[in-house]
Amino acid sequence: MRILVTNDDGIFSPGIKALGLAMRALGEVAVVAPDVEQSAVGHGITVRRPLRFKHTASAGFGEVPAYRVDGTPADCVVLGVHLLGRPDLLVSGINIGVNLGLDLTHSGTVAAALEGTSLGIPSIAFSLDTSAEELGFEEAAQTAVAIARFVLEKGLPPGTLLNVNFPATRPKGLRVTRLSTHHYEDTVVERLDPEGRPYYWIAGRPVGEEEEGTDLWAVRQGYVSVTPVSLDFTDYAFKARLEGLLQDHRLPLP
């Protein structure tokens, strides 16, 4: 099996090193990751400038070929697939910090898996709760291998990826979950630069309801959360009602 490994924390992150080395148990591994941290960049693709794709032995992957890209996680997937060949599996992470609920809309880690899924490649995003004093990337990577082996054997439905979050402590088990309301409550901090001109810093704190069965609940209860995520954003429950409402109101068309 051929496995493409990427992330959004950058090629020198301990999370991707643990994941990339562990995936050798399943087959031939190649690593393609951003040259610097690209957290919260979402599913951006670079189209207005050229990209660099450089072999990077100093990243510490040994005999595993590793390449850094001066672009987004999605860029890494596109270049990895086109330059190294189509993999049988794409894994993204292990992210430093959870990606739960509405985090998926801006997570670069999940965006890489979304890009892989859009290309028809079975894809998994892995993230680790970092609230503990010690970060267990190696232990999480072993569980990631087990989940990846399952996906390689059983497959995933077209247009579906897995979003996996590991708890901060040794897991009690695994739970299949749905997305929570977890998101960041934004604040904007205004400051002045040395010349007296204002600049702004977007900050935020994580909030969300810990409802049983959600990814947030599972991770806080000490379980590995596995959430199937679909590329189809259509709200089918509202679609039929919307058709009726539009017909009733007879909206004028230009």
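**Strands, helices and pockets**

Student: Which residue in β11 does L162 stand opposite?
Tutor: L162 faces P228 there. This is a predicted model, where local features need pLDDT of at least 70 and side-chain atom pairs pLDDT 80 or more, while totals for chains, interfaces and linings use all residues. Numbering starts from 1 along each chain as its sequence is written, and side-chain values use heavy atoms, without hydrogens or water.

Student: How do β7 and β11 pair?
Tutor: Strand β7 (residues 160-166) and strand β11 (residues 224-230) run antiparallel, joined over six bridges. Pairing takes at least two DSSP bridges. Strands (E, at least two residues) and helices (H or I, at least four) are DSSP runs, numbered from the N terminus.

Student: And what order do the strands of the sheet come in?
Tutor: The open sheet has nine strands, in the order β3-β4-β2-β1-β5-β6-β7-β11-β8, with mixed pairing. From one strand to the next, the twist averages 25 degrees.

Student: Which strands does α1 lie across?
Tutor: Helix α1 (residues 14-22) lies across β1 (2-6), β2 (28-34), β5 (89-96) and β6 (123-128), where contact is heavy atoms within 4.5 Å. Helix α1 runs at about 145 degrees to β5. Angles go from 0 to 180 degrees between N-to-C directions of lines fitted to C-alpha atoms, for helices over the stretch in contact.

Student: New topic, pockets! Which element gives the most to the lining of the largest pocket?
Tutor: That is α5, with three residues. Both β5 and α5 (215-220) supply at least two each. The lining has eight nonpolar, eight polar and six charged residues. Here Ala, Val, Leu, Ile, Met, Phe, Trp, Tyr, Cys and Pro are nonpolar, Asp, Glu, Lys and Arg charged, and the others, including Gly, polar.

Student: And which residues are closest to the centre of the second largest pocket?
Tutor: Of its 16 lining residues, those are L104, T105, L114, V229 and F233. Two or more lining residues come from each of α3 (108-118) and β11, and α3 gives the most, with four. A pocket is an open set of points on a 1 Å grid over the protein atoms alone, where a 1.4 Å probe fits, with protein on both sides within 12 Å along at least five of seven lines; lining residues have an atom within 4 Å of a point.

Student: How many charged residues line that second pocket?
Tutor: The lining of the second largest pocket has no charged residues, with nine nonpolar and seven polar.
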